[in-house]
Amino acid sequence: MENYLGVDQHFNVFHELMAKKVRDILLVSSPYDAFIMEEDGSIASRIINEFHGLNLSNPPRLKWASSAKEALELLGDKRYDLVVTMPQVNDMDGPQLAKEVKRMYPDVPVVLLAHSLESANLGPDPLTCGNEIDHFYIWSTNPALFLAIIKNVEDHLNVSVDTAKAMVRVLILVEDSPHYASYFLPHIYKEVVQQTQDVLDESLNQEHRLLKMRARPKILLATNFEEAVELYEQYREYVFAIISDVRFLRQCKVDPLAGIRLLGTIREGNPDLSLLLLSSESENKQKAEDVGVGFIDKNSPRLERDIHDFFLNQLGFGDFVFRLPDGKMEAWATNFRSLEKCLVTVSDTSLLYHAENNHFSNWIMARSEVELALRIRKAKVSDFVSTDEIRSFLVTCVHDLRRDRQQGVVVQFSAAEFDPDVMDFVKIGAGSLGGKARGLAFMANVLPRCQELRELKLKVEFPKTTVIGSAGFDDFVSENTLSFFGLGRSDDDIARIFLDCPLPAWLSRDLRAFLAKVEGPLTIRSSSILEDGHARPYAGLYKTYMLANNHPDFRIRFKMFQDAVKLVWASTWFAGPQAFSRSVRTSHEKDSMAVIIQALVGRRYDQYLYPAMSGVAQSHNYYPVSYMKAEEGIVHLALGLGKTVVEGEKSLRFSPKYPKIMPQFSAVEDILKNCQRFFYCLDLENNDCTLSANDSAHLVQREIEDAASDQSVQMLASTYIPGEERIRDGNHPGMKVVTFAQVLKHKLIALPEALSVILQLTQDGLGCPSEIEFAVDLDADPAQSTLYVLQMRPMVKSGEHYKVELTDEERSQAFCHSKESLGHGIIKNIADVVFVKPEQFDPAKTTDMARDIHRINHELEGQKRPYLLAGPGRWGSADPWLGIPVQWQDISGVRAIIELRPPEFKADPSQGSHFFQNITSLGIPYITITEGQGRFDLAWLAHQELINETKYLKHVRIRPNILIKINGSESECLMMVDVAEKPELNLPMAD
């Protein structure tokens, strides 16, 4: 399950950091001390405010006890993560209470908090060896001290695990004075947290920034020489700075030069480590310089500023300032993107200066990219033969980091930080991603980690994607008062009104900044919050616009871009989606629309651009033949843009498990009849036309023969040799026939294998059969080809949770019988049948037939009479020569559909189309009757009660009703007169 839950794999490790939290604190003090603290401000509320102010999560709970007795009773009932005690609590002093706590819980930290050093009554050396008090602080009304105490305890609890798992950095503070520890510790924590927040790359989204905050440096407090040495030796690999006092205990005795000895010894073994000496004695500055460490006077009036500057300049938290050895500035970088640019242009002298002094690794370390920082630190200048080689190494390191950390991440758009070169998935604005974009985000998360795909010799990616969150749509509708808009208007009217409305100002600014950095053709697609969901895919109902995006005038490019976004939104109110919504949506559900902007996959040939291959792959095959099994899936493949497949035109159907088995290509005659003759591409010269409700204005349908010289056709087509009456694989003189033989038979690229893996991956992730749309960029060098996943959605497979039995007697009585049926259940509420008169059927008149069906559907839907629809060829095909090109609004009242397949219609089952996906999602049975393999008694139907008749159609009514029974497990269906007529037995078609 971990492959599908949680954040992108690059951030998974951060979920495991800071596992041990201080969640429950026991504060032990006299009522008077408690009153004083409350006068200073409620401790509990101020702790919470401090946590929220620093954007930290999970503030702890605070429990107060007024006596040692009460405290020990509370500890007897429950374990606390931290005990904070004042020196005097009436019945027991602080050290004695600490002993009692340690006796009960040896590993629970005990902190002594006093108002002054004298009030602690601990003698001249309050932190001498053997004391049960873990740490001693002076309360000075600063709630940040409580926060620092809590975070310091957590750091000590988690440092071993977090350094091992994520190479988290460590800062050691050596200070034995409770006064100075109480001052420095909260100040250093605030500095570390705020600086870490400031340097986290703004290109990350908020969730990832919060996660990476868990990898902020650990601050470990040591109060004596031995403790400091032990911490340094234990975490030597991860220590990036040590800040030390001068005078503290060494071998249980105060050593006035302990800090000098400590830092001097460490400097000898580690010349690059940032070391800082703190002292109230100014004469120690020279001693610090003698051992090569920094110095800050504790008495300095700008003490806080000095520490701040140390973090910025020595620990790498500020901008990276490129300097020459004499200090002259050449350039500066604020983030990884600008660092990469500067690395390309700065002088060799500056580059070498910073490389020799490990400035690059320090700066990168401060940004929690520890692995890269260590890699750069280990690379010495002497390892390279030239400065150019050093420059190339650094540029490659930074670029790879930027690319890898964006992989699988939905990045919040920022005009300043947006970089299309490394950002794969970007979100503009707030609100939902919508159903389609959620599927893409899921694929972006799981594809990079799939080992099976990495082992194939085919790159698998998804196009550069940007999503306008649904807040853009909501603001557009609200600002232009379109909430109750659309009723009774045509699609063209709706489109014109939307085009006349302005975008929200914030969105217009962001889209302008986005388009200024994006070149090349774009696809603008819908991502409704209801789209591509379980049981209601809305497949193909909303509009998709493809833009050349190459006009030399940016104003024209931007206007077309904005118009495409508006028209995608407008399609929410178009007739097709509205009709489908009435069938699947309850009245209280509200639709909203995100918009997907993707780089269009394809290569340019003269004025046209198109992918070599595109199609639809499904993990469940409704029509398995030969060795195929339903669960092995099916692929519909076409040359050019995917419009050929999703609109039900001629394409190649194959099983990814058995790609060489192609029933429609069983003989030369079949290949010539069934092969793809036309394909869609984008016209790159049509770059300034006015957009409308017709989303195909920029697309051109070309004949395969017209593109015979294109690389894609030459690599994918076979050649028909008339004199030999055979088809030869490969590029030869003669008529081109698209067979995809080089891919499916000769394994030019591992397309079937990759699709099988992806289908299994998506099915496992969705928990149900899945469907993907894809495109392939085929390179002359096949190893450089790329399979792009464009979309993923659940397939709706009819439920088969109850048994439907069909008897031989029922089969003999049925006027319709088929063993190529989709659905499962019993339907008993249909009396109306609309069918195409066979004697009037003419493939050239299918558009007229669709209009007649629309009129009859409107009448029956108004009467709330569901009906059975029957006719030849593919229902819903965009190619009128393959079937009747109805859209959803033409048949929105249908309850069952029959596809008749006479010998002259060689079209394969239409399961790859959007129309087919929407039909099955509503539980509408789809029955295929191939002549000679099923029965549909048109002669009997013609003698039933005639209700309506047109030139091409008959509408009849059967008394009392029709009984439809479908056994989904056997794909068998029968229809007969329901002599029993018991409507209450009607069962649903799907879950």
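## A guided tour of the predicted model

The helix α17 supplies the largest share of the lining of the largest cavity, namely 3 residues. The structure is a predicted model, in which local features need pLDDT of at least 70 and side-chain atom pairs count only at pLDDT 80 or more, while totals for chains, interfaces and linings use all residues. Residues are numbered from 1 along each chain as its sequence is written, and side-chain values use heavy atoms, with hydrogens and water left out.

**Stop 1: the largest cavity**

Select α14 (348-356), α15 (359-365) and α17 (387-406); each of them supplies at least two residues of the lining of the largest cavity. Helices (H or I, at least four residues) and strands (E, at least two) are DSSP runs, numbered from the N terminus. Rolling a probe the size of a water molecule over the atoms shows where empty space is left. Here, on a 1 Å grid over the protein atoms alone, a cavity is a set of points where a 1.4 Å probe fits but cannot get out, and lining residues have an atom within 4 Å of a point. Grid points are joined across faces, edges and corners, and a volume is the space filled by probe spheres set on the points.

The count comes to 9 cavities of 30 Å³ or more, and the largest has a volume of about 110 Å³. Of the 13 residues that line the largest cavity, A355, I376, A379, I390 and L394 are the closest to its centre. By class, this lining holds 9 nonpolar, 3 polar and 1 charged residues. Ala, Val, Leu, Ile, Met, Phe, Trp, Tyr, Cys and Pro count as nonpolar, Asp, Glu, Lys and Arg as charged, and the others, Gly among them, as polar.

**Stop 2: the whole chain**

Of its 991 residues, 59% count as buried; buried means under 20% relative accessible area, exposed over 50%, and partly exposed in between (1.4 Å probe, protein chains only). Contact means heavy atoms within 4.5 Å. Among the contacts in the chain with a separation of 6 or more, 72% join residues 24 or more positions apart.

**Stop 3: an enclosed strand**

Select strand β24 (residues 613-618). Its residues are buried, 6 of the 6, so the strand is largely enclosed by the rest of the structure. In a regular strand the side chains alternate between the two faces of the sheet. On one side of β24 lie M613, G615 and A617, on the other S614, V616 and Q618, and all are buried.

Two strands pair if DSSP finds at least two bridges between them. β24 pairs in the antiparallel sense with β32 (residues 770-777) over 6 bridges, and S614 stands opposite A775 in β32. β24 also pairs in the antiparallel sense with β25 (residues 634-639) over 6 bridges, where H636 is the bridge partner of V616.

**Stop 4: a sheet of three strands**

Move to the open sheet of 3 strands, which stand in the order β30-β29-β31 with antiparallel pairing. β30 (726-728) and β31 (735-738) are at the edges, each with a single partner strand, so one side of each is left without a neighbour in the sheet. Strand β29 (residues 717-721) is joined to β31 by 4 bridges, and S718 stands opposite V737 in β31.

**Stop 5: a buried tryptophan**

Select W569 in helix α23 (residues 554-570). W569 counts as buried, at 0% relative accessibility. Not counting residues up to four places away in sequence, W569 touches G472, F473, F476, F498, L503, L507, M593 and V595. The C-alpha atoms of W569 and S527, 42 residues apart along the chain, are separated by 9.5 Å.

**Stop 6: backbone details**

In the loop between β9 (248-250) and β10 (253-255), select Q251. Phi of Q251 is near 55°, a positive value in a residue other than glycine, and Q251 counts as exposed at 59% relative accessibility. C252 is found in the loop between β9 and β10; its phi is positive, about 65°, although C252 is not a glycine. At 47% relative accessibility, C252 counts as partly exposed.

Then select P960 in strand β42 (residues 953-967). The peptide bond from R959 to P960 is cis, with omega near -5°.

**Stop 7: a buried glutamate**

Finish at E972 in strand β43 (residues 972-977). E972 is buried, with a relative accessible area of 7%. Leaving aside neighbours within four places in sequence, the contacts of E972 include L806, R811, H817 and K965.

Terms used
1 Å grid on protein atoms, 1.4 Å probe; cavity = no way out; pocket = protein on both sides within 12 Å on 5 of 7 lines; lining within 4 Å.
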